[in-house]
Amino acid sequence: MPALLEGQALSRRFGALPAVDGLDFAVEPGEILGVIGPNGAGKTTLLNLISGLLPPTAGEVRFRGEAITGRAPHVIAAAGIARTFQVVKPLRGLTVRENVALGAMFGRVAERRPTRAALAKADEVLAFVGLAERAGAPVGALTIADLKRLELARALAMDPLLLLLDEVMAGLNPKEVGWVMGLIQEVNRRGVTILMIEHVMKAIMGISHRVLVLHHGRRIALGSPQAVSQDPAVIEAYLGRRYAKGSGVGA
């Protein structure tokens, strides 16, 4: 089966700094692909390149076999790619329900979804993420955990084939992290392929089918969570060369 999403020699420079540097990757249909790496590894830049917020300096992104490089974000969203953002920025003048309905209006089936249908979709998704009781609330009344749910709900309302998650668990307590892990797995079971960035290692190692490790914009490892966690290059990138040499990993 061909990959759902592919990056070929993908690069993005900011001046002389390579944020993503000649990256090749593929996301298989139906999988959860985790992306990890130290701060500054290029993880969020990668999501920005996929979703059209940034054009690549070089290389290509292909979705369902078709090049999407350089397309506008709303065109990519309509093709079936939705995303969340590390810094949640809901529309403060709207209710929770209205924020999610906007996602339904600009997603994969937006052209055939009028306002009433978009609001119905919002109600469906809010119930799924546990925010049904807050549907009429202003977003300013939400906790950090609920804002994260809102961000996820708005992306899910777009009916994505591929969901890009950028640290959706950041700032959550252990109980909330466990709940979101289960929610992401249920989204995946419903047929949505997921590419997720996360610093909560318990989460990303616990639910990812494969893990891609970036360092200075380059791939240094790719494989099962167990294999990646034992890779000396990964340990060195996170903990330093001295730890990698002394740990006995890979010996």
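Which residue in β4 is the bridge partner of Q8? I will come back to that in a moment, after a few words on the whole chain, and please keep in mind that what we are looking at is a predicted model.

The protein has 10 helices and 10 strands. Its radius of gyration is 18 Å, close to the 18 Å that the globule rule gives for 251 residues, so the protein is as compact as a globular protein of that length. If we follow the C-alpha trace along the principal axes, it spans about 60 × 40 × 35 Å. Of the 251 residues, 48% count as buried, and among contacts with a separation of 6 or more, 65% are made by residues 24 or more positions apart.

Now to the strands, and to the opening question. Strand β1, residues 5–14, runs antiparallel to strand β4, residues 58–63, and 5 bridges join the two; the partner of Q8 in β4 is E60. Strand β4 is also joined to strand β5, residues 66–67, by 2 bridges, again in an antiparallel arrangement, with R62 standing opposite A67 of β5. The hairpin that β4 and β5 form has 2 residues between the strands, and in this hairpin R64 takes a positive phi near 55 degrees.

Definitions and conventions: Residues numbered from 1 in each chain as written. Predicted model: local features only at pLDDT ≥ 70, side-chain atom pairs only at ≥ 80, totals over all residues. Heavy atoms only, no water. Helix = DSSP H or I, 4+ residues; strand = E, 2+ residues; numbered from the N terminus. Rg over C-alpha atoms; globule rule 2.2 N^0.38 Å. Buried < 20%, exposed > 50% of the residue type's maximum accessible area, 1.4 Å probe, protein only. Contact = heavy atoms within 4.5 Å. Pairing = 2+ DSSP bridges.
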